[in-house]
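User: I would like to go through the labels attached to this structure and ask, for each one, what value stands behind it. Please set each value against its cut-off before concluding.

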Amino acid sequence: MHPSLFQDQVFMQEALVEAGRAEALLEVPIGAIVVHGGEIVGRGHNLRETSQDPTTHAELIAIRQAAEKLGSWRLIDCTLYVTLEPCVMCMGGIILARIPYLVYGCRDPKAGAAGSLYNLTLDERFNHRVDIREGVLADQCSEQLSTFFKRLREQKKIAKEQN
């Protein structure tokens, strides 16, 4: 059974905490958590710049941690919370991990694969379906990203002016 909207909001706050950890590292602030039986079993935040690894998206880090903790790659009783709509790579990981529920904050019109550019959950050729709840704390998730990119643009402008 899928959690209530209130529970989704509580867990999305935890995903926002993870996004803050990414931002503190000057990474794009995206955070994710995996929940099993009301307990957080996986946490992740974007680490692409830090690791120089294009696969270290918040979702995949949280999925790996959850699989390790639960001792199974099949995360069949889990919910993934992420602050930004997953990309194609991350939706692939979600589908392959058999995660039944995805909750995300804001849409990603440039790379989203759960409703924006694509909706991989509707492709009947896959052997697994993912139920989606979108827009949970969307304003907070969107604001965190917008503020980060605004600050980044300002820093680049200042650096350009100094050269």
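Analyst: C78 is a place to begin: its relative accessible area is 1%, and buried means under 20% relative accessible area, with exposed over 50% and partly exposed in between (1.4 Å probe, protein chains only), so C78 is called buried. This is a predicted model, in which local features need pLDDT of at least 70 and side-chain atom pairs count only at pLDDT 80 or more, while totals for chains, interfaces and linings use all residues. Residues are numbered from 1 along each chain as its sequence is written, and side-chain values use heavy atoms, with hydrogens and water left out.

User: How do you know that C78 is in no disulfide?

Analyst: A disulfide is a pair of cysteine sulfur atoms within 2.5 Å, and by this rule the count comes to 0. For C78, the nearest cysteine sulfur belongs to C90 and is 16 Å away.

User: What keeps C141 from being counted in a disulfide?

Analyst: The nearest cysteine sulfur to that of C141 is the one of C106, at 5.4 Å, whereas the rule asks for sulfur atoms within 2.5 Å. C141 itself, with a relative accessible area of 1%, is buried.

User: Why is C87 called buried, and where is its place?

Analyst: C87 has 16% relative accessibility and therefore counts as buried; its place is in the loop between β3 and α4, where helices (H or I, at least four residues) and strands (E, at least two) are DSSP runs, numbered from the N terminus. Leaving out residues up to four places away in sequence, C87 touches H57, E59, A111 and A113, contact being heavy atoms within 4.5 Å. From C-alpha to C-alpha, C87 and A114 are 7.6 Å apart, although 27 residues separate them in sequence.

User: Which residues of α4 are buried, and what covers them?

Analyst: Helix α4, residues 88-96, has C90, M91, G93, I94 and I95 as buried residues. The cover over them includes α3 (58-70), β3 (78-84) and β4 (101-106).

User: What makes a set of residues a nonpolar core, and which members touch the most others in the largest one?

Analyst: A nonpolar core is a set of buried Ala, Val, Leu, Ile, Met, Phe, Trp, Tyr and Cys residues joined through side-chain atoms within 4.5 Å. The largest one here has 43 residues, of which M12, V34, I63, L75, Y81, I94 and L102 touch the most other members. The elements that each supply at least two residues include α1 (5-24), β1 (31-36) and α5 (138-162), and α3 gives the most, with 6 residues.

User: Why is the pair of F11 and Y81 called tilted?

Analyst: The search finds 2 aromatic pairs; rings of Phe, Tyr and Trp (its six-membered ring) pair if their centres lie within 6.5 Å, with planes under 30 degrees apart counted as stacked, over 60 as edge-to-face and the rest as tilted. The ring centres of F11 and Y81 are 5.4 Å apart and the planes stand at 40 degrees, so this pair is tilted. F11 lies in helix α1 and Y81 in strand β3, 70 residues apart. F11 counts as buried at 13% relative accessibility, and Y81 is buried at 0% relative accessible area.

User: What makes the pair of F148 and F149 edge-to-face?

Analyst: The centres of F148 and F149 are 5.2 Å apart, with 75 degrees between the planes, and angles over 60 count as edge-to-face. F148, at 6% relative accessibility, counts as buried, whereas F149, at 33%, counts as partly exposed.
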